[in-house]
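Dear colleague,

I am writing to hand over the structure shown below.

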Amino acid sequence: MKDINKEKLYLQDIVKNSYDSIKKELPNSYELKSMKELMADIENDFYTVVVVGEFKRGKSTFINAILGDDILPVDVTPTTATINAVMWNEEKKLHVHKTDGNVEELELNYENLNKYVASRKFDHSSINYLKIGMPADILKNNVVLIDTPGVDDLNKQRVDVTYNIIPRADAVIFLLDSTNAVRRTEKEFLENNILKEGINKVLFVANFIDEIDEDEDVEEVIEDISTRLSNILKMGPVQVLPVSAREALEGILDKDEERIENSGITQVSNVVKEAIDKGVESDERIQRYKARTVGILNSVKREINTLFQLENKTIDQLNIELENINKLIDNKSKLKPEINRYVLRQEEEMLAIVNKSIYYFIDELKSEIYYQFDAYKGADFKDFIEIHMPKMVERQIKNWIRQYLGQINSMFKMIEKELSNGMAKHFNTSVVKFNTNYLGEGVNPSNIANISIEAEDISKIGAVAGVLAGGSAIVVSLLGGGILLPLIGMAGAPFIGNKLKEKKLEEAKLKVRPDLESAIDDIAYKLIRTMDEYVLKNTSQIRISCENRYDAILLSIKQKVEKEIQEKENLKTKIKNKNEHLKKILLSIEEYTILMEGDNECI
């Protein structure tokens, strides 16, 4: 099995040593910034373990037991919960990250945590998340343990955060209640979120085994939960680990080894640590870091080869190269309209494709919604309209985004690649043209040692990587909590009472149908607008990044040429001075020789 941490340290050494060497020998290299960003990414590479579950599943007590410290308040309600990210720190620290961008640093203690996690006296919407630093063994090697609000939290904003954290997680601990598992909301959460992200990274833990009735067998209860999960997940036996988080924490605090062992926390901790040690996801990231490192080092090799080229040129040739670069810098304004026209054409094509897909999706969505609406015969029309249908619409939209975003991101990659190829070709053909003009039409361009750049020098900028990093979560967050609810406006609200007889139900449907159609049209409009903004924002980001990279390359080459000219001028001056000195010595020698020869004749 690979030792991921050793590989990471080894890679860090390579990148750090390369950075130091390049900074010393090539202080104007356009890759220094890329290497600095890469070093920061590797250093801050976290293995994320997310704990999810409904409220009153004992998540905070469970996390306290895993950490071996009674630190997280357990008196949490759906109206006060926050996202808590617990990570390694030598000293206990609490950083409150607020939605306005400010960060408040506090001493990590129960009182301060309770203020933000369990108290009703603060505005929870002002808090983005809490960063908790503490020296717990499980957090070593850049492990982050994330405590999330309950998946049945009625606060839409916090639920979206929970749903968007899961796709980025390396491991997910799904906490169940062994006395009441698996509820309908948990089943929906598993079907709509966990299955799409891959079940292989999920660990199911059944809490409260100490509360199972005496006439029930714990093993049978756990087996029953496993069977239910297998049916939901449509797979073979699912491992479910039994635990009593309360017994575990009390045993840890009292240093009672027997209670700790009986609680089941040791087995859970071992499985979690094993998942961290295997580091499947971390290994994938290491491979990506290696690919980035190789790309950067290849670009540096091309820089060095350019320097060797410059060293072999005369001062006159270098002055010609410098003039070429200055012309390219001056002509950037002519290149920009071509870039803008290209990006605009691509944007128009992308928007047409995306909007066509959205229109088709909306037609399918309408058919499904209206079918469900017309076929509804139940008594709880209010629950159907206000809960079931909005959830169905949201699920369908998120599924469409997840499925279609890959195609959109492929288009982003294509734009970035074509821009890079075009700009590199513009540079290289311009240099050949400039040199040909200087040396005459009859000169074969292949015989000229021209400075050139590769498309990879421009494209290896991380622009598309930044676009892709957030994945569907970016678009889902752009949609916002208000796009879906309420489906029915004030006009239809009086007709959706809780219990309706069949005749009244049909009357209510007739009254509500116009509102429903209007709401779906509004959702379609917002989805199109949001996707348009997403496309335009990211094509603009790619264009600007390519232009900035191209400008940086031009400036870097110009500085190299100027430095080489200066060094050759200095060397020329030194050689000239040395030659003058040698000539004087030679003249003196000749004078001495003549004198010596004259003296010999006299003798």
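Is Glu247 buried, partly exposed or exposed? With a relative accessible area of 21%, Glu247 is partly exposed, where buried means under 20% relative accessible area, exposed over 50% and partly exposed in between (1.4 Å probe, protein chains only).

Please note that this is a predicted model, in which local features need pLDDT of at least 70 and side-chain atom pairs count only at pLDDT 80 or more, while totals for chains, interfaces and linings use all residues. Residues are numbered from 1 along each chain as its sequence is written, and side-chain values use heavy atoms, with hydrogens and water left out.

Salt bridges

The count of salt bridges comes to 25, a salt bridge being a side-chain nitrogen of Lys or Arg within 4 Å of a carboxyl oxygen of Asp or Glu. Glu247 forms one of them with Arg246 (3.6 Å, N to O). Arg246 counts as partly exposed, at 40% relative accessibility.

Another joins the side chains of Asp69 and Lys92 (2.7 Å, N to O). Asp69 lies in the loop between helix H3 (59-67) and strand E2 (84-88), and Lys92 in the loop between E2 and strand E3 (93-98), so this pair ties together parts that are 23 residues apart in sequence. Helices (H or I, at least four residues) and strands (E, at least two) are DSSP runs, numbered from the N terminus. Lys92 counts as partly exposed, at 35% relative accessibility.

A further salt bridge links Asp522 to Lys526 (3.3 Å, N to O). Both residues lie in helix H18, four residues apart, about one turn of the helix. Asp522 is partly exposed, with a relative accessible area of 34%, and Lys526 is partly exposed as well, at 22%. Elsewhere, salt bridges that share partners join Asp210, Arg246, Glu247, Glu250, Asp254 and Arg259 into one network.

Nonpolar cores

A nonpolar core is a set of buried Ala, Val, Leu, Ile, Met, Phe, Trp, Tyr and Cys residues joined through side-chain atoms within 4.5 Å. The largest such core has 80 residues, of which Ile369, Phe381, Trp400, Ile408, Phe427 and Tyr550 touch the most other members. Among the helices that each supply at least two residues of this core are H13 (332-375), H14 (381-439) and H18 (502-602). Apart from it lies another core, of 41 residues, including Leu139, Val143, Ala248 and Val268.

Helix H3

Nine of the nine residues of H3 are buried, among them Phe62, Ile63 and Leu67. H3 is followed by Gly68, whose phi is positive, near 75°.

Phe208 is not a glycine, yet its phi is positive, at about 70°. Phe208 is found in the loop between strand E8 (202-207) and H7 and counts as buried, at 16% relative accessibility. Lys255, also a residue other than glycine, has a positive phi near 55°. Lys255 sits in the loop between helix H8 (245-254) and helix H9 (257-263), and at 72% relative accessibility Lys255 counts as exposed.

Yours sincerely
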